[in-house]
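Please open the model in a viewer and keep the selection panel at hand.

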Amino acid sequence: MKLSWTTVIGGAFFLTTAAFFYHTFDPAYNVSAVTAGKGPVFFPRILLVLMALFSLGVIWQGTREAFQPIARAQFYHALGAIALTGIYILAITWAGFLISSVVFIFALPWVLNYRNLKVIAAITAVYPVATWYLFEKVFKIILPSSPWFDWF
Amino acid sequence: MDAFGLGLEHILTIPALVSIVVGTVLGVIVGVLPGLGSVIGITMVLPFTFTMGQIPALALMLGIYCGSVYGGSISAIVINTPGTPQAAATALDGFPMAQRGEADLAIGWSTMASLIGGLFSVVVLIVAAPQLAAFSLNFTAIEYFALGIFALICIANVSRGAMVKGLLSGAIGLFVATVGVDSVTGDMRFTFDNFELTAGISLIPAVVGLFALSEMFVRASETHMAKPEINHKVGFRLPRLADWKGRIGILLKSCSIGSFVGALPGTGAATAAFISYSEAKRSSKNRDKLGTGEPDGLIAAESANNAVTGSAMVPTLALGIPGDPVTAVMLGTFIVHGITPGPRLFTQHLDIVYAIFLILIAVNVVMFIVGAIGAQAFTRALRIPEPILMAMVSVIALIGAYGVRGNSIDLLTAFVAGVVGFVMRKNGFPLAPMVIGMVLSQMIENSLRQGLLITRGDFGAFFHRPIALTLFILTAAILVWPAVKWLVRRRRAGGANA
């Protein structure tokens, strides 16, 4: 059997589906006063069975595809963007929107191999502050604030 | 005052009029920039709509929607790179015209065709949506169940060559939306004692992740292209009235194709544009010139893709069933603003329905004016370096994800959806069925359970109702058709070999 990314993804979905299906037999779901014998996991179970079947179909499809290796430079760019976005999202909750956005706007173009420092610096100086001001002060949407400063 | 008067009053306010203009301009810019498109455009303006009134918020979103479909044609003509997939067919004749030094005329043709296509589809919406809504008042839970399944299967099936992947994607969307409180019994499902998950997985953060963040990750993973050089004189020149002679037939045919295709679930403007272009290639008097800078090609592609905008709203407004990710996101934001699309919208809030019709007419007119005045200015947006643009889009899209509930878990949802979306897109899994699945999940589940209550647990009785039976037969036909085609092709190949 050939191994392709489609097979790997189909396999991952199948295992996740199986784990969720097993979970639907948790005694916690038996306490409900069921409606015509159709309790809270009645519909999800149907979906999970379908998902398992489709996952197997995807795995089978994947066996007919060739394995395509990922180019290293592209892989690092994507991984960098994903990691930076993850860190940015975590940082928003503990450092506040403005500070984390300043760092993100500066760092992302850098990670994506864009090196025009003047442009990056200008955008970093203006865009996060303008966005924060627009939403926080004009639209009154409260964004996560910094624990170290009172006003942002 | 009657409902029409109230609808008119709703849009004749400063915030609504400003939203129409700003939404359309932003939509055109989003359309011009390759890779952004209507869904990302709408998710970008979402945070702005949270504090707006209902009508200005609707106007902003509809402006983005129509403007972005049109905007894609400008970059297709000027740099041979369609700003949106809907404009791919436009490049076939638009760019050769630009190479001949007629970029301004090509933009003139596409703008006129877009205006006429857009207005044609609004007429279709005005005629068809109330009829469909009135018809659907006879629907019971069983018909809604059949309709939901039909819509989802249509969307999964559109993913050519990846039907199983599309079906898996749709089933995942349906399942993800079951997380949280069961609306029938009140029990928690798949929350694993996590309080944050009790409210379920919100649609908007998932869409932000699946479309905006995954787009950024996909672009990061691809080789960066050099910035496009714009070597043509860009402007706007209307075609002469005499040049329309012999082209009205193609225009009307393309508008009809676009409107019909747009009302079908899962098809969308790109499909409409290519069907219409193929039809022009078959029936146009100038068919031999198509692909070399012939206005017939531009008319066919642009009138068809813009004719989708209004008709795609028909099932969304009349039944509450979105036909594509754009209308799914719009449906989600309608609900955020207290508007629940469906037949009751037409009986209880007819003024809002009229306001939507009027907004769409106004947006199409503004789109024409904006295109005529600003075509050259919009192409400047193409100079923004892609990494900078991606960073800016990510920040504002994440505000959209956070702003719906002001909950940090939504940021995490967007991130997880972004990574999942990236992996799926890189491997040919369509994302549209997942979004539609999330939107339709509650309706499908509730109508299934209600239907089983009505029939005392007998699923076979679902097939006794004629409308439901018709929809089930159509669904089965859609599912079986690829296998039948495969068998026929195999038999023919076998016959040829023998």
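The tour begins with overall confidence, turns to one chain, and ends at the interface.

Begin with the whole complex, which is a predicted model. The predictor assigns the complex an ipTM of 0.93 and a pTM of 0.86. Next, select chain B and colour by confidence: the mean pLDDT of chain B is 88, and 96% of its residues reach 70 or more. Where pLDDT is low, the predicted coordinates should not be read in detail.

Now select chain A and display its secondary structure. Chain A contains five helices and zero strands, and from the N terminus its elements follow the order α-α-α-α-α. The radius of gyration of chain A is 24 Å, well over the 15 Å that the globule rule gives for 152 residues, so chain A is more spread out than a compact globule. Among contacts in chain A between residues at least 6 apart in sequence, 67% join residues at least 24 apart.

Finally, select the interface. Here 55 residues of chain A are in contact with 52 residues of chain B. On the chain A side, two or more residues each come from helix H1 (5–23), helix H2 (42–62), helix H3 (72–95), helix H4 (97–111) and helix H5 (117–138). Colouring by residue class shows 38 nonpolar, 15 polar and two charged residues on the side of chain A that touches chain B.

Definitions and conventions: Residues numbered from 1 in each chain as written. Chains lettered and ligands numbered in written order. Predicted model: local features only at pLDDT ≥ 70, side-chain atom pairs only at ≥ 80, totals over all residues. Contact = placed C-beta atoms within 7 Å. Helix = DSSP H or I, 4+ residues; strand = E, 2+ residues; numbered from the N terminus. Nonpolar A, V, L, I, M, F, W, Y, C, P; charged D, E, K, R; others polar. pLDDT = per-residue confidence, 0-100. Rg over C-alpha atoms; globule rule 2.2 N^0.38 Å.
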